[in-house]
Amino acid sequence: MDSAGAYGAGKAGGAFDPYTFIQRPQVMVKSVCLLFGIIVWGCISSGGYMYDKKLDKEVCLYNRDASACTFGSGIGFLGLLAAGGFIAGEYFFTQMSSVKTRKHFVLGDLGFSGAWAFLYFISFCYLANQWSDMDALPEDVGTGNVFAAIVFSFFSIFSWAGAAWFAYQRFKQGVDPAFASTYEADQAQYSSYPDAEGGYQEPPFSGNQNQGGGDYQAPAY
């Protein structure tokens, strides 16, 4: 079933308004997720390692745990790619004439946003725990990027949770009007039948059966 304005979008094929597009809550919160993902990924990739002379290689500043740096930067990088993809999807959302296609997009947004909020929570706990166990660092090693990655991983939990909440609200907004339109159409169809209370009429042959009453006489043979 195709419908204009399903799942909080305008009519399919309508003119694109950049100002309205930017003001969409989904676009705004995904832009924040994109920004935080860039910060987390960039801080760990560029400042999350130091050169260890004893091991003669670079080690992760999060307690020399390479998995911590890999996991944290991976979550940030995939998160920024996904946020950019969903922003692009918002541009094409109003061009989706099929309600089923819009529903799949909204459910995908809801599922991914909820999952990424949870993964950022794990990343924050992981990085913070490993950093608290880290030994004293050389004076020439900066720790600003390490702190920034932890802080913005924490902020990303709420940004992706907000994205999941907006996706859920959009899903509810799309399901209710779709059900209401179908229900109203059924009601209109049933209302075309005669009213049972005021439109009842006697059967067409009932008058003929009673005509004559008690004047009936048996025929003479």
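The charged end of Arg170 sits over the ring of Phe93, 4.3 Å from its centre. A charge counts as sitting over a ring if NZ of Lys or CZ of Arg is within 6 Å of the ring centre and within 35 degrees of the ring normal. The charged end of Arg102 also sits over the ring of Phe93, 5.5 Å from its centre. This is a predicted model, in which local features need pLDDT of at least 70 and side-chain atom pairs count only at pLDDT 80 or more, while totals for chains, interfaces and linings use all residues. Residues are numbered from 1 along each chain as its sequence is written, and side-chain values use heavy atoms, with hydrogens and water left out.

**Overall architecture**

- The chain has six helices and two strands; helices (H or I, at least four residues) and strands (E, at least two) are DSSP runs, numbered from the N terminus.
- Read from the N terminus, the elements follow the order α-α-β-β-α-α-α-α.
- The chain has 221 residues, of which 33% count as buried; buried means under 20% relative accessible area, exposed over 50%, and partly exposed in between, for a 1.4 Å probe and protein chains only.
- The accessible surface of the chain comes to about 13,800 Å², and 61% of this belongs to carbon and sulfur atoms. Such areas come from the Shrake-Rupley method with a 1.4 Å probe, and for residues only the protein chains shown count as cover.
- Among contacts in the chain with a separation of 6 or more, 78% involve residues 24 or more positions apart; contact means heavy atoms within 4.5 Å.

**Helix 2**

- Helix 2 covers residues 25-47, and its 23 residues should span 33 Å at 1.5 Å a residue; the end C-alpha atoms are 33 Å apart, which agrees. The expected span of a helix is 1.5 Å times one less than its number of residues.
- The buried residues of helix 2 include Lys30, Cys33, Phe36, Gly37 and Val40.

**Helix 4**

- The 34 residues of helix 4 (residues 99-132) should span 50 Å, and the end C-alpha atoms are 49 Å apart, which agrees.
- Ser98 caps the N-terminal end of helix 4, with a side-chain oxygen 3.3 Å from the backbone nitrogen of Lys100.
- Ser113 lies in helix 4 and is buried, because its relative accessible area is 0%.
- Not counting residues up to four places away in sequence, Ser113 touches Lys30, Trp160, Ala163 and Ala164.

**Aromatic pairs**

- A search of the whole structure finds 17 aromatic pairs. Rings of Phe, Tyr and Trp (its six-membered ring) pair if their centres lie within 6.5 Å; planes under 30 degrees apart count as stacked, over 60 as edge-to-face and the rest as tilted.
- Phe86 and Phe105 form an edge-to-face pair, 6.0 Å centre to centre and with 65° between the planes.
- Phe86 lies in helix 3 (residues 66-93) and Phe105 in helix 4, so this pair ties together parts that are 19 residues apart in sequence.
- Phe86 counts as buried at 13% relative accessibility, and Phe105 is buried at 15%.
- The ring centres of Trp165 and Phe166 are 5.2 Å apart and their planes stand at 75°, so this pair is edge-to-face.
- Trp165 counts as partly exposed at 48% relative accessibility, and Phe166 is partly exposed at 27%.
- Ring pairs link Phe36, Phe124, Phe152, Phe154, Phe155 and Phe158 into a cluster.

**Helix 1 and the residue Ile22**

- Ile22 has its place in helix 1 (residues 18-22) and counts as exposed, because its relative accessibility is 55%.
- Leaving aside neighbours within four places in sequence, Ile22 is in contact with Val27 and Met28.
- Ile22 and Ile87 are 65 residues apart in sequence, and their C-alpha atoms are 9.8 Å apart in space.

**The loop between strand 2 and helix 3**

- Asn63 lies in the loop between strand 2 (57-60) and helix 3, and Arg64 is placed in the loop between strand 2 and helix 3.
- Phi of Asn63 is near 60°, a positive value in a residue other than glycine.
- Phi of Arg64 is near 55°, likewise a positive value in a residue other than glycine.
- Asn63 counts as partly exposed at 28% relative accessibility, and Arg64 is partly exposed with a relative accessible area of 37%.

Definitions and conventions: A polar contact is a pair of N or O atoms within 3.5 Å; within protein, one must be able to donate a hydrogen and the other to accept it, and residues adjacent in sequence count only if both atoms are side-chain atoms.
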